[in-house]
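Here is a friendly briefing to read alongside the model. Have the sequence and the 3D view open, and follow the topics in order.

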Amino acid sequence: MDRKKAIIIGSGIGGLSLGIRLQSLGFDTTIFEKLDAPGGRAYVRREAGFVFDMGPTVITVPHFIEELFSLDRDCADLGSPDFSPELLDINSRITTGVSGGPNTSKYVKIVPILPFYRIYFDDGTYFDYDGDPESTRRQIEAIEPEDLAGYDRFHDAAKAIFERGFVELGYTYFGNVMSMLKIAPDLVKLDAVRPLFSFVKSYFKSPKLQQVFSFEPLLVGGNPMNVPAIYAMIHFVEKTWGIHFAMGGTGELVKGFIKKYEELGGTIRYDSEVTSIEVEGKRFGKKVAKGITLADGSSYKADVIVSNGDYANTYMKLIEPKYRLINQDLRVKTMKQSMSIVVIYFGFKSNGLEDLDLRHHNIILGPRYEELLDEIFEQKVLSPDFSQYLHVPSLTDPSMAPPGHHAAYTLIPVPNNASDIDWSVEGDKLVDKVLDFLDDRNYIPGLRDRLVHKSFVTPDYFEGTLNSYLGNGFGVEPVLVQSAFFRPHNRSEDIENFYLVGANSQPGGGTPAVMMCAKMTAREIAKNYGVAESIVNGVAKPLVTA
Ligand SMILES: Cc1cc2nc3c(=O)[nH]c(=O)nc-3n(C[C@H](O)[C@H](O)[C@H](O)COP(=O)(O)OP(=O)(O)OC[C@H]3O[C@@H](n4cnc5c(N)ncnc54)[C@H](O)[C@@H]3O)c2cc1C
């Protein structure tokens with residue numbers, strides 16, 4: 001039996017999800033990963049007895065995960081309904097205490113987290129965002145009673161955007177401009193193309209509530225001032241399916257994906273940096289991807305090559321310019337890259353009194369919002385103040401830290417490396433400032449004395465270790481002119497048999513989006529290899545050439 005060969009460059013969540021899907025479509029897939037372990041941004045650090053997920057911690061849309069764990073070898077399940085009525089039943093959310101479905105639980109235990117986030121304002125007050133309409137309304141009323149009516153209108157507008165933008169169009173691949181033009185009038189009608197912050201401001205007059213209902217795109221690298229209001233759907237995605245945590249950390253989910261992928265016959269090779277993608281053809285004629293070369297000089301051929309690596313670096317560093325008519329350096333360089341981040345991984349003693357007034361996920365907003373975002377995204381300067389996302393997984397799963405300790409990470413948005421900040425100097429200073437802040441403001445009282453371990457990464461990690469252009473933290477920035485058709489294409493416009501998967505391509509960043517991306521890229525590959533029928537008719541059909 002002659003199976004088509006596929007190569008995936010990178011083992012991020014997008015690369016692994018696609019690996020599982022290609023195996024289920026009947027390909028023989030090999031993933032080549034630069035690092036010594038899988039996950040990409042979801043790599044795990046184990047230091048001084050603590051387990052630190054380096055990246056994603058907020059798990060949403062658990063049925064995307066269930067879909068992947070349900071796939072079988074040679075059973076191309078690309079045609080199943082993306083959102084069945086049961087999946088949209090908001091009342092079925094978080095009832096059992098375990099989320100994810102029967103196939104997921106064979107690989108990893110996923111549990112719901114409440115509240116979704118505790119959002120601290122600079123004056124020390126907070127908003128517990130939990131998706132429960134009554135508790136949301138109560139807290140809005142306490143902050144600004146007049147905004148209650150605004151919330152009702154915001155809720156309805158966000159719901160309409162969610163239904164059209166996510167449920168109906170979420171899996172639409174915008175391969176040509178017509179596909180984009182077709183839906184543009186709808187998005188305009190839904191007011192989904194104006195900047196999110198301006199959209200939110202039209203419903204809430206309290207600056208605190210404007211922040212509560214606009215910060216979420218920051219978790220996927222978007223500036224609330226610039227991302228289109230289509231991102232208001234995140235509010236509804238979370239409300240509909242909740243926020244979850246993989247016990248043992250997101251690394252356990254990655255481990256589960258690896259297990260599934262290998263059970264389906266996939267191969268993964270670590271410490272294998274790809275240094276070039278081999279293309280054959282003519283500059284103005286047909287060009288076909290044929291294989292890859294690794295840093296050690298070895299090369300491998302395949303029928304399909306997919307990059308899960310950074311878009312800009314993939315095109316600029318791995319493919320010769322003569323094979324790139326559309327994705328020329330000029331285009332690639334002029335695309336806006338997302339912000340970057342400093343992430344501090346730290347462990348501290350529990351003082352026995354459990355005096356932490358923190359929750360699993362905490363957003364700690366600084367004194368300025370609009371100005372701070374402008375300095376990070378536009379001016380690209382290091383600000384005197386900061387906002388942060390503080391994650392304390394040991395509150396849910398004590399096994400993340402040695403007995404008597406907590407494991408935490410805090411993430412601070414900073415400019416990407418288009419700035420001239422010298423992180424070898426500024427990194428330590430910022431880390432000390434942030435940890436002192438957590439102690440002085442009593443988020444973690446006595447942290448200076450209780451701290452037993454710390455390490456951190458800066459934009460230089462994203463640039464040097466993860467091969468991300470300008471050290472971007474989240475790929476190409478999600479702005480309107482870099483969305484849908486205008487985002488890097490999952491199926492290369494330049495080169496046959498060459499595809500992208502992950503945060504840089506459609507639909508965008510964040511773990512649920514990269515899982516959706518994997519399905520979209522798998523569909524494009526399936527079409528190219530003659531299993532398109534199974535997608536149209538929803539009939540499972542294996543891709544095996546005899
Ligand atoms: C700190 C942080 C926190 C986040 N929190 C959340 C969250 O809570 N919830 C959420 O949904 N999303 C979150 N995100 C976003 C989410 O993590 C990403 O969108 C997603 O994980 C990206 O996955 P990906 O498949 O695009 O690939 P990546 O994770 O970027 O992986 C790409 C892989 O390709 C490899 N690679 C690159 N170049 C080469 C090469 N030449 N040869 C071989 N291998 C190569 C890299 O080593 C890497 O392993 C967070 C991101 C960060 C950084």
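A residue counts as buried if 20 or more other C-beta atoms lie within 10 Å of its own, as exposed if 12 or fewer do, and as partly exposed in between, with C-beta atoms placed from the backbone. This is a predicted model, in which local features need pLDDT of at least 70, side-chain atom pairs count only at pLDDT 80 or more, and totals for chains, interfaces and linings use all residues. Residues are numbered from 1 along each chain as its sequence is written.

**Confidence**
- The mean pLDDT of the protein is 92, and 93% of its residues reach 70 or more; pLDDT is the predictor's confidence in each residue, from 0 to 100.
- Over residues 532-546 the pLDDT is below 50, and this stretch has 39 contacts in the model beyond near neighbours in sequence. Two residues are in contact if their C-beta atoms, placed from the backbone, lie within 7 Å.
- Where pLDDT is low, the predicted coordinates should not be read in detail.

**Domains**
- The protein is divided into domain 1 (1-108 + 242-334 + 478-546), domain 2 (137-233) and domain 3 (340-464); these bounds come from an automatic or database domain assignment.
- Taken over C-alpha atoms, the centres of domain 2 and domain 3 are separated by 28 Å.
- Domain 2 and domain 3 each give 7 residues to their contact.
- On the domain 2 side of that contact there are 4 nonpolar, 3 polar and no charged residues. Here Ala, Val, Leu, Ile, Met, Phe, Trp, Tyr, Cys and Pro count as nonpolar, Asp, Glu, Lys and Arg as charged, and the others, Gly among them, as polar.

**Around the ligand**
- The ligand is surrounded by 37 residues, and the closest are Gly10, Gly12, Gly14, Gly40 and Gly502. A residue is near a molecule if its C-beta atom, placed from the backbone, lies within 6 Å of it.
- By class, this shell holds 17 nonpolar, 16 polar and 4 charged residues.
- Domain 1 and domain 3 each provide at least three residues of the shell.
- Helix H1 (13-25), strand E14 (340-349) and helix H16 (511-528) each supply at least two shell residues, and H1 gives the largest share, with 3 residues. Helices (H or I, at least four residues) and strands (E, at least two) are DSSP runs, numbered from the N terminus.
- Leu16 is in helix H1 and counts as buried, with 33 C-beta neighbours inside 10 Å.
- Leaving aside neighbours within four places in sequence, Leu16 is in contact with Ser11, Pro38, Val254, Phe257, Ile258 and Tyr261.

**The nonpolar core**
- The largest nonpolar core has 158 residues, and those with the most contacts inside it include Ile119, Val306 and Ile344. H16 contributes the largest share of this core, 10 residues.
- Such a core is a set of buried Ala, Val, Leu, Ile, Met, Phe, Trp, Tyr and Cys residues joined through C-beta atoms within 7 Å.
- Not counting residues up to four places away in sequence, Val306 touches Ala6, Ile8, Ile9, Leu18, Tyr499, Leu500, Val501 and Thr521.

**Backbone details worth a look**
- Most residues other than glycine have a negative phi, and most peptide bonds are trans.
- A cis peptide bond joins Leu114 and Pro115, with omega about -10 degrees; Pro115 is in the loop between strand E5 (110-112) and strand E6 (117-120).
- The bond from Gln506 to Pro507 is also cis, with omega near 5 degrees, and Pro507 is in the loop between strand E19 (498-500) and H16.
- Ala48 has a positive phi near 50 degrees and lies in the loop between strand E3 (44-47) and strand E4 (50-53). Ala48 is partly exposed because 14 other C-beta atoms lie within 10 Å.
- Ala484 has a positive phi of about 50 degrees and sits in the loop between helix H15 (459-464) and E19. Ala484 is buried because 21 other C-beta atoms lie within 10 Å.

**Two loop residues**
- Pro478 is in the loop between H15 and E19 and counts as buried, with 27 C-beta neighbours inside 10 Å.
- Pro478 and Gly509 are 31 residues apart in sequence and 8.1 Å apart in space, C-alpha to C-alpha.
- Asn176, in the loop between helix H4 (147-168) and helix H5 (177-189), is exposed, with 11 other C-beta atoms within 10 Å.
- Asn176 and His405 are 229 residues apart in sequence and 53 Å apart in space, C-alpha to C-alpha.
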